[in-house]
Amino acid sequence: MRTEREKMLAGELYDPLDQELTASRTRARDLLWNLNATRESDAAVRASILKELFGSMGAGVWLQPPFFCDYGANIHLGERVYFNFNCVLLDVCEIRVGDRTLFGPAVQIYAATHPLDAELRKTRELGKPVRIGSDVWVGGGAIIAPGVTIGDRTVIGAGSVVTKDVPAGVLAVGNPCRVVRELS
């Protein structure tokens with residue numbers, strides 16, 4: 001029989017109150033408390049916390065606290081990824097980000113979702129993985145919904161709500177987010 005964590009990562013219905021998942025969230029929240037309390041001059045301390053928090057990360061990852069996530073271990077970042085202030089990543093499924101991708105302030109990435117059936121919602125959750133390519137810029141306040149893939153070199157406009165996949169090399173904006181034009 002599969003664990004609740006295995007079900008969660010597979011995008012299946014799972015029990016969010018499972019002891020292992022609760023302990024993992026508590027671990028992440030404790031690390032985030034420490035991270036968010038650091039000073040700007042505590043770069044080495046921040047880097048150490050991030051290495052412990054994230055599933056994987058390349059060289060040169062930088063984020064401006066405060067930063068929030070569910071587990072951290074399901075977040076995989078390429079090299080030189082940057083998160084501005086107040087970003088939220090709900091990583092019940094994997095969130096993968098390519099190299100040199102930039103996130104403006106208050107960007108929210110949701111791999112978490114809930115069943116539409118109200119009875120099922122009382123005890124179960126689920127998720128869908130999110131993939132964001134390399135050399136992407138996500139403008140401040142954008143929301144990226146569960147299951148979305150954003151291609152390399154794409155720009156997502158500030159305040160956009162991305163509910164569907166966005167191809168590589170485009171400017172996409174709005175609510176719902178839509179491609180405006182190709183980028184050269």
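Visitor: Does Arg80 count as buried or exposed?
Guide: This is a predicted model, where local features need pLDDT of at least 70, side-chain atom pairs count only at pLDDT 80 or more, and totals for chains, interfaces and linings use all residues. Residues are numbered from 1 along each chain as its sequence is written, and side-chain values use heavy atoms, with hydrogens and water left out. Buried means under 20% relative accessible area, exposed over 50%, and partly exposed in between (1.4 Å probe, protein chains only). Arg80 has a relative accessibility of 56%, so Arg80 counts as exposed.

Visitor: What is the phi of Arg80, which is not a glycine?
Guide: Arg80 sits in the loop between β4 (75-77) and β5 (82-83). Strands here are DSSP runs of E with at least two residues, helices are runs of H or I with at least four, and both are numbered from the N terminus. The phi of Arg80 is positive, at about 55°.

Visitor: Where does Ala106 lie, and what does it count as by relative accessibility?
Guide: Ala106 is not a glycine, yet its phi is positive, about 65°. Its place is the loop between β8 (102-103) and β9. Its relative accessibility is 27%, so Ala106 counts as partly exposed.

Visitor: How are α2 and α3 oriented to each other?
Guide: The axes of α2 (residues 19-36) and α3 (residues 43-53) come within 10 Å and cross at roughly 165°. Axes are lines fitted to C-alpha atoms, for helices over the stretch in contact, with angles from 0 to 180 degrees between N-to-C directions. Angles under 35 degrees count as roughly parallel, over 145 as roughly antiparallel, 65 to 115 as roughly perpendicular and the rest as oblique. α2 and α3 are therefore roughly antiparallel.

Visitor: How do the residues of the contact of α2 with α3 divide?
Guide: Contact means heavy atoms within 4.5 Å. Arg27, Ala28, Leu31, Leu32, Asn34 and Leu35 in α2 meet Arg46, Ile49, Leu50, Glu52 and Leu53 in α3. Ala, Val, Leu, Ile, Met, Phe, Trp, Tyr, Cys and Pro count as nonpolar, Asp, Glu, Lys and Arg as charged, and the others, Gly among them, as polar. The division is seven nonpolar, one polar and three charged.

Visitor: Which strands stand at the edges of the open sheet of seven strands?
Guide: The order is β2-β5-β8-β13-β16-β18-β19, with mixed pairing. Two strands pair if DSSP finds at least two bridges between them. Each edge strand has a single partner, so one side of each is left without a neighbour in the sheet; the two are β2 (62-63) and β19 (178-182).

Visitor: Which residue in β16 is the bridge partner of Trp137?
Guide: Two bridges join β13 (residues 137-138) to β16 (residues 155-156), and these strands run parallel. The partner of Trp137 in β16 is Val155.

Visitor: Which are the edge strands of the open sheet of five strands?
Guide: Its order is β1-β4-β7-β12-β15, with parallel pairing. Each edge strand pairs on one side only; they are β1 (56-57) and β15 (149-150).

Visitor: What is the bridge partner of Ile132 in β15?
Guide: Strand β12 (residues 130-132) runs parallel to β15, joined by two bridges. In β15, the partner of Ile132 is Ile150.

Visitor: In β9, what is the bridge partner of Val88?
Guide: Strand β6 (residues 87-90) has Cys87 and Leu89 on its covered face, and Val88 and Leu90 on its uncovered one. Three bridges join β3 (residues 67-69) to β6 in parallel, where Phe68 stands opposite Val88. Three bridges also join β6 to β9 (residues 108-110), again in parallel. The partner of Val88 in β9 is Gln108.

Visitor: What is omega for the cis peptide bond of Pro65 and Pro66?
Guide: Pro66 lies in the loop between β2 and β3. Its bond with Pro65 is cis, with omega of about 5°.

Visitor: How many Å apart in space are Lys122 and Pro66?
Guide: Lys122 is in the loop between α4 (118-121) and β11 (126-127). Its relative accessible area is 60%, so Lys122 is exposed. Lys122 and Pro66 are 56 residues apart in sequence; in space, C-alpha to C-alpha, they are apart by 30 Å.

Visitor: Is Glu4 buried or exposed?
Guide: Glu4 is found in helix α1 (residues 4-9). Not counting residues up to four places away in sequence, Glu4 touches Tyr14, Asp15, Asp18 and Leu21. Its relative accessibility is 15%, so Glu4 counts as buried.
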